Amino acid sequence: MKTLAILLAAGFLALTVPFWGTDYAVSFTIQMLVFMILAYSWNLIGGYTGYTHFGQVCFFGVGGYTGALLVTKLGIAWYFAVPLAALMGVLLAVPLGMAMLRLKGPYFAIGMFGLARVLESFVLGFDSLTQGGTGLYLTPLSNLKPVYFTLVVLALVMMIATWRLDNSRLGLKLLAIREDEQAAEALGVRTTRLKVGTFVVSAIAPAAVGALYAAYLGFIDPPTAFSPVMELTTIAIVLLGGMGTVFGPLVGAVVLSVINELLWARFPEGYLAIVGTLILLAVLFMPRGIVNLAMKKGWLPAGRGLLRQLAREDGRAPPKPAPPLADDVKRVQA
Amino acid sequence: MPVSELLIGGLLLGGLYALMACGLNLIFGVMRVINFAHGELLAIGALSTVSLVGGYAFPFWAAVLLVPLLTAAIGLLMYKLVLQRLVHAPMIMTLLATYAISTILVNAAILTWGGGYKGLPGVLTGSVQLLGVNVSVSRLVAFLVALGTSLAVWWVLEKTRFGRAVRSVSQAPELAEISGISLDFVRNATFALGAAMAGLAGVLMAPTFASDPQLGARFLIKAFAVIIVGGMGSYPGAIAAALLLGVVEVVGGYFTGAVIGSALLFLLMLAVLLVRPRGLLGVGART
């Protein structure tokens with residue numbers, strides 16, 4: 001109950017930053033929300049379905065350029081450009097997912113990693129439309145509040161969707177694909193359809209956020225749109241927080257954003273190495289992430305995540321004996 | 001006229017790709033690890049050659065011998081500190097780990113050499129006539145050494161006792177261990193050898209191409225394209241695909257512009273991934 005109250009208070013504070021915070025606080029929170037949304041999207045395909053996805057930034061970049069082009073060439077307002085960018089993400093993700101998801105493990109990872117570079121060189125190459133390496137400039141927004149609240153709403157939607165997924169048969173099916181795709185197929189899970197569906201769903205928010213981010217920054221160029229740092233940070237967030245968990249991306253985004261701010265200010269030249277080291281340490285010593293650790297230590301109520309893990313670690317362990325009756329009686333009397 | 005020039009240019013480039021791809025292949029075969037840090041070993045190889053030869057006035061052949069030793073040491077350290085602990089971990093963890101190592105190495109390279117491009121003029125200058133085409137000596141030497149090393153490593157794998165051990169570890173690690181092969185030794189040795197090959201590719205490209213710390217990612221994707229087109233784990237496949245892709249890049253770039261030309265490689269890779277995921281001569285991934 002206390003945890004819930006703290007969470008609600010923190011949520012309320014985050015919601016109202018533009019009303020009391022400095023410009024610095026607002027831009028910090030916007031960055032954090034962007035990463036949180038990207039992390040929740042990545043978590044769907046990388047955490048639940050277990051496909052190592054090094055190409056989320058493709059959709060971010062395509063969304064960013066779609067949004068920026070709609071705004072600069074056609075003069076559409078950014079709040080109409082954002083849903084159109086999300087639609088573009090879907091249109092790209094459907095054929096791509098049907099093709100790429102036939103690949104497994106390392107092949108999928110390399111294919112998507114390469115695709116981001118292909119898109120980047122196309123954007124650089126078609127400079128009559130995209131201005132190549134110069135990038136596209138949008139008129140700066142005078143008021144950041146609408147962007148901010150759009151991001152908040154998107155983050156909430158992603159959170160609730162993940163929570164619903166975690167408590168559903170669909171979520172279990174995705175986990176089954178992660179653990180053993182062939183066995184899942186044999187049990188009647190329609191793996192191809194689910195994988196493509198998850199892939200497409202996980203592309204919507206990054207495309208929308210790409211357009212929002214372009215509107216927020218006021219410009220977009222290929223290195224920003226298809227930035228490997230963005231990709232790496234997103235994956236680090238999910239890994240640090242806990243892959244395939246509801247709270248993982250939230251916790252990871254908060255923790256990593258704070259670490260980023262502290263380190264970025266002091267050692268901007270060593271930023272990449274520090275994020276890399278964090279990922280490395282997480283892979284080696286905490287591959288299940290903060291949220292699973294917290295569940296194990298009892299700081300968080302054990303969700304299905306923990307039960308799942310226990311079941312896998314020792315399938316034949318006898319169930320925990322129920323507390324003796326006397327204890328229960330005492331508790332009732334007290 | 002340009003056709004023979006383009007073909008030769010493509011083949012010369014392909015030799016370097018072959019060396020890179022064979023190193024990646026070697027590590028993938030034994031460890032089933034896609035080494036995302038392979039490109040950074042190449043970049044470090046190229047940049048330290050620039051420092052050694054350009055800065056400290058070492059002769060070029062000394063760099064050819066010393067720099068691969070340096071990258072082999074880095075590769076060995078990578079294996080000892082990180083990958084050895086992840087042998088039984090899910091594939092996503094090893095992918096993330098090598099990806100993280102690659103960013104650390106890029107950052108280390110930027111801190112050491114700065115972010116800009118560095119060239120190595122005045123080494124292996126001059127040119128020779130080859131089939132009526134002027135070919136610069138540096139590119140020819142790079143091609144011959146790279147292709148020669150790739151073929152030599154292939155020979156070692158096919159014909160020597162060590163090569164048999166490496167192949168048996170990549171085909172059936174449990175049976176190899178039962179037969180008295182030290183898995184740990186073979187893994188260490190192949191990781192060091194693969195890293196040394198990446199470093200050597202870096203040395204060889206330093207006189208011709210401008211090098212910068214970000215070089216690795218660009219080159220790595222091309223090496224990935226090569227091993228996917230050729231088939232993961234297949235040496236003849238990798239060497240043939242490297243030469244083919246070198247030609248595709250140069251010829252395609254001539255007709256469509258450099259930017260689209262390099263994208264052609266990835267498009268070819270994506271096409272092969274979709275039509276024949278095992279590659280032209282591949283063995284397929286063990287899950």
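1. Helices α4(A) and α6(A) run roughly parallel to each other, because an angle under 35 degrees counts as roughly parallel and their axes cross at roughly 25 degrees. Please keep in mind that this is a predicted model. Helix α4 spans residues 56-74 of chain A and helix α6 spans residues 105-125, with axes that come within 9 Å. Their crossing is left-handed.

2. Which residues make up that meeting in chain A? From α4(A) come A:Val57, A:Cys58, A:Gly61, A:Val62 and A:Tyr65, and they meet A:Leu115, A:Ala116, A:Leu119 and A:Val123 of α6(A). Sorted by class, this contact holds 8 nonpolar residues, 1 polar residue and no charged ones.

3. Over in chain B, the pair to look at is α1(B) with helix α8, residues 183-205. Their axes come within 9 Å and cross at roughly 165 degrees, which makes α1(B) roughly antiparallel to α8(B). Here too the handedness is given: α1(B) passes α8(B) in a left-handed crossing.

4. On the α1(B) side, the residues making this contact include B:Leu16, B:Leu19, B:Met20, B:Gly23 and B:Leu26. On the α8(B) side they include B:Val186, B:Arg187, B:Thr190, B:Phe191, B:Leu193 and B:Gly194. By class, the contact of α1(B) with α8(B) has 18 nonpolar, 3 polar and 1 charged residues.

5. One residue of that contact is worth a visit in your viewer. B:Leu26 sits in helix α1 of chain B, which covers residues 2-31. Is B:Leu26 buried or exposed? B:Leu26 is buried, because 26 other C-beta atoms lie within 10 Å and 20 or more are enough to count as buried.

6. Leaving aside residues up to four places away in sequence, B:Leu26 touches B:Thr190, B:Leu193 and B:Gly194. As for B:Tyr56, 30 residues from B:Leu26 along the chain, the two C-alpha atoms are separated by 33 Å.

7. Finally, the two chains: 36 residues of chain B are in contact with 33 residues of chain A. Which elements give two or more residues to the chain B side? They are α4 (91-113), α9 (215-230) and α11 (258-275) of chain B. Of these, α4(B) gives the most, with 15 residues. The chain B side divides into 30 nonpolar, 5 polar and 1 charged residues.

Terms used: Residues numbered from 1 in each chain as written. Chains lettered and ligands numbered in written order. Predicted model: local features only at pLDDT ≥ 70, side-chain atom pairs only at ≥ 80, totals over all residues. Contact = placed C-beta atoms within 7 Å. Helix = DSSP H or I, 4+ residues; strand = E, 2+ residues; numbered from the N terminus. Nonpolar A, V, L, I, M, F, W, Y, C, P; charged D, E, K, R; others polar. Buried ≥ 20, exposed ≤ 12 C-beta atoms within 10 Å, placed from the backbone. Axes fitted to C-alpha atoms, helices over the stretch in contact; angles between N-to-C directions. Parallel < 35°, antiparallel > 145°, perpendicular 65-115°, else oblique. Left-handed = near helix turned anticlockwise from the far one by under 90°.
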